[in-house]
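Subject: Structure handover

Dear colleague,

Here is the structure I said I would pass on. My notes follow below it.

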Amino acid sequence: MTTPTTRLPFTARRRALLLGGAGLAVAPALLRGRPAQAAPAIGQPAPAFSAQDSNGRTQTLEALRGKLVVLEWTNHECPFVQKHYRSSNMQTLQREVTGAGAAWLSVISSAPGEQGFVTPAQANELSSSRQAVPTAVLLDPEGNVGRAYGAQTTPHMYVIGADGRLLYMGGIDSIASTNLADLEKATPYFRNAFRAVAEGKPVQQAVTRPYGCSVKYAA
Amino acid sequence: MRLAWTRIALPTLAGLLALLLSPGGAGAIESTAQQSPRATVTLVSEAAAVAPGESFRIGLRQRLAPHWHTYWTNPGDAGTPPEIALTLPEGVTSGEIAWPGPDRLPFGPLVNFGYENEIVLPMTVTVPPTAQPGRTLPIEARASWLVCERECIPEEGSFRIEVPVEATGTPAGGEIAAAFAAADARRPVPSPWPSRLGSEGEALVLAVEGEDITPAAVKGAFFFPAAWGAVEHAAPQALQVENGRLTLSLARGQALDASAPLAGLLAVSDGTGQTRWLELAPRLGPLPAGGGAGAAALALPFWQAALFAFLGGLILNLMPCVFPVLAIKATAVARMSGGALRQVRLSGLFYTIGVLVAFTALAALLLAVRASGAAVGWGFQFQSPVFVTLMVWLLLAIGLNLSGVFEVGQSLSGTGQSLATQQGHGGSFFTGLLAVVVATPCTAPFMGAAIGTALAAPPALALALFLAMGLGLALPYALLGIFPRIARTLPRPGAWMLRLRQGMAFPMYASAAWLVWVLVQQTGELGVLVALAGGVLIGLAAWLYGIAQHSGGRALFSRGAAALALAGTLALLPQLRHAAAPGAQAASTSGAEPFTAARLAALRAEGKPVFVNMTAAWCITCKVNERAALATAGVQAALAQNGITYLRGDWTNQDPQITEFLRGFGRDGLPFYVFFPAGKRDPVVLPPVLTESIVTAELTRNVSTP
């Protein structure tokens, strides 16, 4: 094989070339700006958070490392949320998730005075009256957690792996309606994603369209 | 029903006339309203009466309280569009909702797309020709809609209208006509201007071009994507308008499908506050080398492509690809030593002509083959084993000639002096040809984009670009022709010229050996046997021919035997047809997987990072890059640590998938490297000459970005 002899003399030539022509070709690629991306991305570490829950404890993502974590954005006055609580669909999912040893955090990002804003006592009262069984209800009246996750709607669902990486974000299912009858027909995106994660399988649809009421952030 | 009737009919004379003209007053073209403090909703007909066989429009008419809104088909960040289910008489058909252009409705950090005040969502209904005049068409609708201010209330209603059938149709008047007219003012129209979608870093760039686009005529613009996922709804869209062109910067969404067109409406506002909604669906174009701004998907302008072509040709002189020819050129330059100025001048001229002729011929051939529909690319000649074999033999013959085994067109009595003066200009011309044929398969920096532009351009422009490339390649030598005194700086003629010439035979042998290695991958063992057997016969022919030249006489026997050996060599060529390419090459190099479009698509769908290396055994630059950059520990570690899949496409033989892939990036030659970062972000094209640091920087920079 004589190819190496044809290659070797050119290493030096290539160096010289890089300083010249190729350098010009490379420069634009290096100059291209990369604005920081605020939105969370699948496979990347989920945004860290620290927020008070309805029992006055501080919940952080860091402390939940090692467990699967589900985030549910909620607003009890939103008709889309009501569809899933009145049908017990949400409570059933909460029991499945917490029963599997994962943590379920319901997050309320409604600002004071906005629809869905609750005091800690009201939050606990809602859970008991609706027989909801989240691990905790996070109160996020300033919208910090919501904005970090880019939560847009209630409901808006996220699944975070035991290693802290984001594995799912999007809708609870595929039909954007307030009609209870649609629950049967819809593809349960969130449930499919959680079950895949729990079984250690890849999530088929890791990003789906969230639907519901807009999160009532502080203006 | 009676109430509604009166309200519609009274306001205008036209409405009154319509009422009077309808027989028996047996129709109701606006239903009773479903009313709430937020919304008053009815079903309306645009026709006061319809004729058999006609089409007319009905619509869901929504009158909303101040600050309340309903939604467009893509509601934006939240909400949901109205749904309507019609019940129609036998034989009557209806179309989908023709959604009027929406407004942008910001809410905190979110943005919704929808309508305020009043809107009609029209649908077209077609009456069968068999409909009986004098009857009415009952049309029923069940509708549900979400009406929101800061909070959202789902509402629903059932509606019924009865549209009279008459011999000739009558339009509705008054308030209903005005309501449809208001919705029609928002009716989207196909864009009169072509649009393109490029990308710039994280952003998408929508570029729209049209002669009547001016800063005065376009005061505002917003793009409403038809569906969720492609574009972040709430992100600001920076607008730039210049004469003939506007660009809008869009933030890519969480689920952009780069292979699907981006359908949506571009709302353009003029100076008087009038807004038009234009339908467009541009496809995301590839990122060109050097990552242009808004013009991402646009081809290079001609002058720029020509400049790049020229520079590319010039730099080609320094690429490893051109190595075999450098030796010939060095020999040729040495011949100039002591030559007459005129000789030097002509030699440079003929070399340049040779290069240009070869470029023109190659480009014409390439364009012709492509016009016939074959998927071939730059350097395609090396994909033919027959061509490679002929090149092996040609390089071997040139080597034997340089070694002094035989001479071309003269007896061997010449010395260095005679070599300088007696070598014909045909030699220079031939050297030029050879330079192009051997050297062009590899692309130099600047050449990639220029070749891509050239092959997409009309043939005349394409040939002009290839000529520019040829001029660049020939330039160093052409300078000798223009300034022949440069040759005077060479040492005086002497024995050194003979030594140099003999020494230069070895690069020829090396190149021939390399091409045999290429053949191994193209044809397997049989091809190599053919090439080597032919090589032996070439050697024999050269030796016999040399003997004939030495003998001084006519030496008919030697010459005849040489010709016979040569003929025997060529007779071997058809054997190559039986030589099959060896099976899919083992992914030997550095943990690479073989490239397939399907595999790439699958990985991209999962959002995994992928590095693609397009290579060929005949592309020396590719091989140098693989050895000097890609195979290094640093690059291998960067690939492994960041979970990057390394796909390696082998273009040694023709492969339409690879040709297609290259064309997707506006390229037609090798080397070509592209990195697809994780999370479906834009591919990044790497330069054609790599170093370890260039590659690792690109791989890690793109992965570490959150």
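Helix 7 and helix 14 (residues 525-551) of chain B cross in a right-handed sense. From helix 7 of chain B the contact takes B:P385, B:T389, B:V392, B:W393, B:L396, B:A397 and B:L400. From helix 14 of chain B it takes B:G527, B:V530, B:A531, B:G534, B:G535, B:I538, B:G539 and B:A542. Ten of the residues in this contact are nonpolar, five are polar and none is charged.

Helix 7 (residues 385-403) of chain B also packs against helix 13 (residues 505-523) of chain B, where the axes come within 8 Å and cross at roughly 165°. That angle makes helix 7 of chain B roughly antiparallel to helix 13 of chain B. The crossing of helix 7 of chain B with helix 13 of chain B is left-handed. Residues of helix 7 of chain B that take part include B:V388, B:M391, B:L395, B:I398 and B:L402; on helix 13 of chain B, they include B:M508, B:Y509, B:A512, B:L515 and B:L519. The contact between helix 7 of chain B and helix 13 of chain B counts 16 nonpolar and six polar residues, with no charged ones. B:P385, B:T389, B:V392 and B:L396 are listed in the contact with helix 13 of chain B and also in the contact with helix 14 of chain B.

Helix 14 of chain B has a further partner in helix 15 (residues 556-572) of chain B, with the axes 8 Å apart and at an angle of about 165°. Helix 14 of chain B and helix 15 of chain B are therefore roughly antiparallel, and their crossing is left-handed. Among the residues that meet here are B:L537, B:L540, B:A541, B:L544 and B:Y545 of helix 14 of chain B, and B:R559, B:A562, B:A565, B:L566 and B:L572 of helix 15 of chain B. By class, the contact of helix 14 of chain B with helix 15 of chain B has 15 nonpolar residues, five polar and one charged.

Strand 18 of chain B is joined to strand 19 (residues 245-251) of chain B by five bridges, and the two run antiparallel. B:L239 is opposite B:L248 of strand 19 of chain B.

In chain A there is an open sheet of five strands, ordered 5-4-3-7-8, and its pairing is mixed. The edges are strand 5 (136-139) and strand 8 (166-170) of chain A, each with a single partner strand, so one side of each is left without a neighbour in the sheet. Strand 3 (residues 69-73) and strand 4 (residues 103-108) of chain A run parallel and are joined by five bridges. In this pair A:W73 has A:V107 of strand 4 of chain A as its bridge partner. Helix 8 (residues 189-198) of chain A packs on the sheet and touches strand 3, strand 7 (156-160) and strand 8 of chain A. The direction of helix 8 of chain A makes about 170° with that of strand 8 of chain A.

Two backbone details in chain A are worth a look. The peptide bond between A:T154 and A:P155 is cis, with omega about -5°, and A:P155 lies in the loop between strand 6 (153-154) and strand 7 of chain A. A:Q131 is a residue other than glycine with a positive phi, near 55°; A:Q131 is in the loop between helix 5 (120-130) and strand 5 of chain A.

On confidence, the model scores ipTM 0.75 and pTM 0.52. Chain B has a mean pLDDT of 79, with 79% of its residues at 70 or more. Residues 410-422 of chain B stay under 50, and the model gives them 23 contacts beyond four places in sequence. Residues 583-589 of chain B are also below 50, with ten contacts beyond near neighbours in sequence. Where pLDDT is low, the predicted coordinates should not be read in detail.

Regards

Definitions and conventions. Residues numbered from 1 in each chain as written. Chains lettered and ligands numbered in written order. Predicted model: local features only at pLDDT ≥ 70, side-chain atom pairs only at ≥ 80, totals over all residues. Axes fitted to C-alpha atoms, helices over the stretch in contact; angles between N-to-C directions. Helix = DSSP H or I, 4+ residues; strand = E, 2+ residues; numbered from the N terminus. Parallel < 35°, antiparallel > 145°, perpendicular 65-115°, else oblique. Left-handed = near helix turned anticlockwise from the far one by under 90°. Contact = placed C-beta atoms within 7 Å. Nonpolar A, V, L, I, M, F, W, Y, C, P; charged D, E, K, R; others polar. Pairing = 2+ DSSP bridges. pLDDT = per-residue confidence, 0-100.
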